[in-house]
Structures are given as C-alpha cells and as structure tokens.
Amino acid sequence: MLDSQTRQQDNLTVDGVAINIPSMSEAVSSILAATQSGDSFSVYTLNLDHVAQLQNHPEFRAAYRRARFVTADGFPIVVLGRLAGNHIERTTGADLVEPVCEQAGQNGIPVFFLGSNNLTLHRTRRRLSERFQGLEIVGSYSPRANFDPYSDEADRAIHEIRISGARLCFVALGAPKQEIFAARCLDEVPGVGFLCIGAALDFIAHTQDRAPEITQKIGLEWAWRMLHSPRRLGPRYARCVAIVPGLVARILPQIVTARIRKAA
C-alpha cells in the first residue's frame with residue numbers, strides 16, 4: 001500500500017483541486033472511517049461543470065479547498081486522470097448514496113437528507129429504509145428553490161441537522177449551493193459528514209429518470225440528459241465543451257511527467 005505522501009503526489013490535480021479518492025470502494029470506506037472517527041468532513045464529486053464554475057466563483061473554490069474527499073464524477077476527468085497515470089474510476093454522488101446507506105445501516109450511523117422536494121424525500125426515505133435493514137433516517141428537509149446557503153432558511157436547515165443526531169447528511173441542492181452549504185456546515189455542525197449528491201434523491205425516488213446504465217458506462221450520460229432536457233442543459237454542456245482545450249493544456253504537464261516516470 002502506498003503511503004499518504006506518495007498518494008498525495010500521485011493525485012490528479014484539476015485547477016488546484018486534487019482527486020484524492022480514485023474509486024467507489026475507497027470512497028465508501030473513507031467516508032465510513034471518517035464518520036466512525038467522529039470527524040466533520042465533506043465529500044464533493046468533480047465534473048466539468050464544476051471546473052467551469054470554479055474559474056469564476058470564489059465561494060465555490062473556497063468550498064472545494066475545504067473538501068476532505070474529492071472523487072471524479074465526469075468521464076472527461078477520468079480520462080485525463082488515466083492519461084496522467086492515475087487509475088481513476090468515475091464515482092458520482094448518485095452512485096454513492098446506496099452503498100454509503102448500506103454501510104450506515106450496518107454500523108448504526110444515523111443519516112439526514114437535505115434537498116429536492118417533500119415527495120422525493122418521502123419516497124427516498126421509504127425505499128432506502130426498505131432496502132437497507134437497520135438504516136436509521138433521523139430527518140429530512142426540503143428548502144425552497146431559491147435556497148441561499150447563508151440565508152435564514154439555511155440556518156433552520158443547519159438547526160434541523162444538528163438536533164437530529166445525524167452523523168451523515170446527504171445534500172442534494174445542486175452545484176454550487178450544495179458545496180458552499182456543506183463548507184459552511186463544517187464549522188457549525190461538528191461530527192457530521194456532508195456528501196454532495198446532486199440529483200441522486202430524485203433518481204432513487206424515480207421523480208427524475210436517470211440515463212440508462214449503458215450510457216453511463218461509455219461516458220455518454222451527459223448526451224442522454226441533454227437530449228431529454230436541451231433547453232436547461234444545453235448551455236451548461238456548451239460551457240463544459242468550451243473549457244476542455246484549456247483544461248487539457250493545464251493538465252498536460254502532469255500527463256508528460258507521468259509518461260516520463262513510466263518510461264524511466
């Protein structure tokens with residue numbers, strides 16, 4: 001096993017953000033260990049949309065600096081990582097929820113759900129409780145659509161999480177709100193891990209369809225989503241495509257260094 005210093009040197013770094021969790025299994029085990037240690041921590045899943053927002057959103061970048069664990073969500077991030085000599089697997093927030101809940105149920109870790117809407121939260125709580133014996137869901141909260149991570153409503157959400165006794169909180173607000181809110185919570189809710197999971201609760205509740213598994217495996221989930229919601233997602237994916245050349249240029253030194261090291 002590599003020591004922590006070697007692992008840190010080998011991490012793919014994307015515009016200052018290190019992908020320090022390379023796989024789903026390591027994400028689940030790391031989250032479980034940090035929770036059992038009583039730590040406050042956050043988990044983010046980096047994709048191209050996040051990279052685009054990091055360039056122009058100081059609060060978002062500050063939140064990312066405080067993340068304990070960062071996985072590669074987007075397929076392009078995975079490809080760049082492998083070119084740079086890192087065996088990275090795509091690990092999305094949507095895919096993390098169920099295995100983490102399974103471990104939470106087996107280890108007596110109470111959980112909280114924040115985000116989406118009341119119907120989605122109700123269905124998600126029921127389905128996960130049925131699926132994972134022993135899972136203790138101690139609370140949920142659905143904020144308004146214009147949720148501000150520093151608003152009075154955010155204060156109420158933090159209060160609900162704090163008094164619930166949760167040790168893990170799944171935050172489904174969308175980027176950058178969920179990451180900024182999670183970063184704020186690190187200072188205000190001790191001993192809780194915050195996992196930013198995007199639309200995961202909607203997928204579990206079936207209030208929103210997820211792309212077929214085959215498109216996920218071949219890296220075309222984004223295309224499926226855009227075809228089904230072009231007006232909403234078209235501009236976002238256009239921004240993502242536009243940043244790819246510059247991103248590749250910035251990561252190129254890491255790729256070259258990895259190739260030289262491999263050839264030596």
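I began with Thr 215, which touches Leu 220, Glu 221 and Trp 224, not counting residues up to four places away in sequence; contact here means heavy atoms within 4.5 Å. Thr 215 is found in helix 11 (residues 213–217). Helices (H or I, at least four residues) and strands (E, at least two) are DSSP runs, numbered from the N terminus. At 15% relative accessibility, Thr 215 counts as buried.

Notes on the source. The model is predicted, so local features need pLDDT of at least 70 and side-chain atom pairs count only at pLDDT 80 or more, while totals for chains, interfaces and linings use all residues. Residues are numbered from 1 along each chain as its sequence is written, and side-chain values use heavy atoms, with hydrogens and water left out.

Entry: helix 5 against helix 13.

I looked up how these two helices pack. Two packed helices are described by the angle between their axes and the distance between the axes. The axes of helix 5 (residues 75–83) and helix 13 (residues 230–263) cross at roughly 30° and come within 8 Å. Axes are lines fitted to C-alpha atoms, for helices over the stretch in contact, and angles run from 0 to 180 degrees between N-to-C directions. From helix 5, Ile 77, Leu 80 and Leu 83 meet Leu 247, Val 248, Ile 251, Ile 255 and Arg 259 of helix 13. The residues of this contact divide into seven nonpolar, no polar and one charged. For classes, Ala, Val, Leu, Ile, Met, Phe, Trp, Tyr, Cys and Pro count as nonpolar, Asp, Glu, Lys and Arg as charged, and the others, Gly among them, as polar.

I then checked Leu 247, which lies in helix 13. Leu 247 is buried, with a relative accessible area of 1%. Leaving aside neighbours within four places in sequence, Leu 247 is in contact with Val 14, Asp 15, Leu 48, Val 51, Ile 77 and Leu 80. Leu 247 and Val 51 are 196 residues apart along the chain, yet their C-alpha atoms are separated by 8.7 Å.

Next I took Ala 84, in the loop between helix 5 and helix 6. Ala 84 is buried at a relative accessible area of 5%. Ala 84 and Ala 52 are 32 residues apart in sequence and 21 Å apart in space, C-alpha to C-alpha.

Entry: aromatic rings.

I found five aromatic pairs in the structure. Rings of Phe, Tyr and Trp (its six-membered ring) pair if their centres lie within 6.5 Å; planes under 30 degrees apart count as stacked, over 60 as edge-to-face and the rest as tilted. Phe 60 and Tyr 64 have ring centres 5.3 Å apart and planes at 75°, so the pair is edge-to-face. The two are four residues apart in helix 4 (residues 58–65), and are therefore separated by about one helical turn. Phe 60 is buried at 0%, and Tyr 64 is buried at 4%.

Phe 147 and Phe 181 also form an edge-to-face pair, 5.6 Å centre to centre with 70° between the planes. This pair links distant parts of the chain, 34 residues apart: Phe 147 is in the loop between strand 6 (137–141) and helix 8 (152–164), and Phe 181 is in helix 9 (residues 177–188). Phe 147 counts as buried at 3% relative accessibility, and Phe 181 at 0%. I also noted that Tyr 44, Phe 60 and Tyr 64 form one aromatic cluster.

Entry: pocket and cavity.

On a 1 Å grid over the protein atoms alone, a cavity is a set of points where a 1.4 Å probe fits but cannot get out, and a pocket is an open set with protein on both sides within 12 Å along at least five of seven lines; lining residues have an atom within 4 Å of a point. Grid points are joined across faces, edges and corners, and a volume is the space filled by probe spheres set on the points.

The largest pocket holds about 1200 Å³ of space. Of the 47 residues that line it, the closest to its centre are Asn 47, Ala 199, Arg 225, Arg 236 and Tyr 237. Helix 13 gives the most to this lining, with six residues. By class, the lining of the largest pocket has 21 nonpolar, 15 polar and 11 charged residues.

I counted one cavity of 30 Å³ or more; the largest cavity has about 40 Å³ of space. Its lining has seven nonpolar, one polar and no charged residues.

Note on methods. Buried means under 20% relative accessible area, exposed over 50%, partly exposed in between (1.4 Å probe, protein chains only).
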